[in-house]
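User: Could you take a close look at a single strand and explain how it sits among its neighbours?

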Amino acid sequence: MIFHIFRHRPRWVASKSRGEHFARVLILVAVLAATGWGFWANSQRTMETFKTAGLLRDATNTLSRSQVESLREYLAVLEVRFNIKISVEIQKDCAPPRLDPGRVELFLCPADRTVAFSVPPLLRPALGGDFIRYINIEHFPPYFAQNRWPDGLGAALDLLGRKLDAVQGRE
């Protein structure tokens, strides 16, 4: 009875010799591994897209695809590097923003030329009131005047990154 499990069974891969059987099994395993890797890579890319999609919202559709991608990548780097939540919203209708006290938020309304830059209470002393005031009041008007506010947005995020680096003593 115990030797019943060792009896000859039909092979699950049809072949004429042991070498051919080995080669077919190896190819089958390679195809399954490649399929698994493909699904894994696709799900990783999809998850990365979902994670970065909430970082930048452009209701005006003014930014080009490359600008949106580069800004999202930079925002994701800032989030990982400094372990803070950041979001940028470019509004079309210029409704008053709903601010989340736990994240750094930058709201722009190019139609009204208004800016709202919000920082969590714990980060406010580190960045300083002058920096927050500069971004809110002084930084964007020259860019709005020349209709180059996307450049101003990139410059503001670069300033934020440099200021956070300085706070952490990296500069």
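Analyst: Two strands are said to pair if DSSP finds at least two bridges between them, and strands (E, at least two residues) and helices (H or I, at least four residues) are DSSP runs numbered from the N terminus. This is a predicted model, in which local features need pLDDT of at least 70, side-chain atom pairs count only at pLDDT 80 or more, and totals for chains, interfaces and linings use all residues. Residues are numbered from 1 along each chain as its sequence is written, and side-chain values use heavy atoms, leaving out hydrogens and water.

An open sheet of 4 strands has the order β1-β2-β3-β4, with mixed pairing. Its edge strands are β1 (56-58) and β4, each of which pairs on one side only.

The strand to follow is β3 (residues 104-109), where 6 of 6 residues are buried, that is, under 20% relative accessible area with a 1.4 Å probe, counting protein chains only. Val104, Leu106 and Leu108 are buried on one side, while Glu105, Phe107 and Cys109 are buried on the other.

With strand β2 (residues 86-90), β3 pairs in the parallel sense over 5 bridges, and glutamate 89 has phenylalanine 107 of β3 as its bridge partner. Strand β4 (residues 114-118) runs antiparallel to β3, and 5 bridges join the two; here leucine 108 stands opposite valine 115, and glutamate 105 stands opposite serine 118. β3 and β4 form a hairpin with 4 residues between them, and arginine 113 in the turn has a positive phi of about 60°.

Terms used
Buried < 20%, exposed > 50% of the residue type's maximum accessible area, 1.4 Å probe, protein only.
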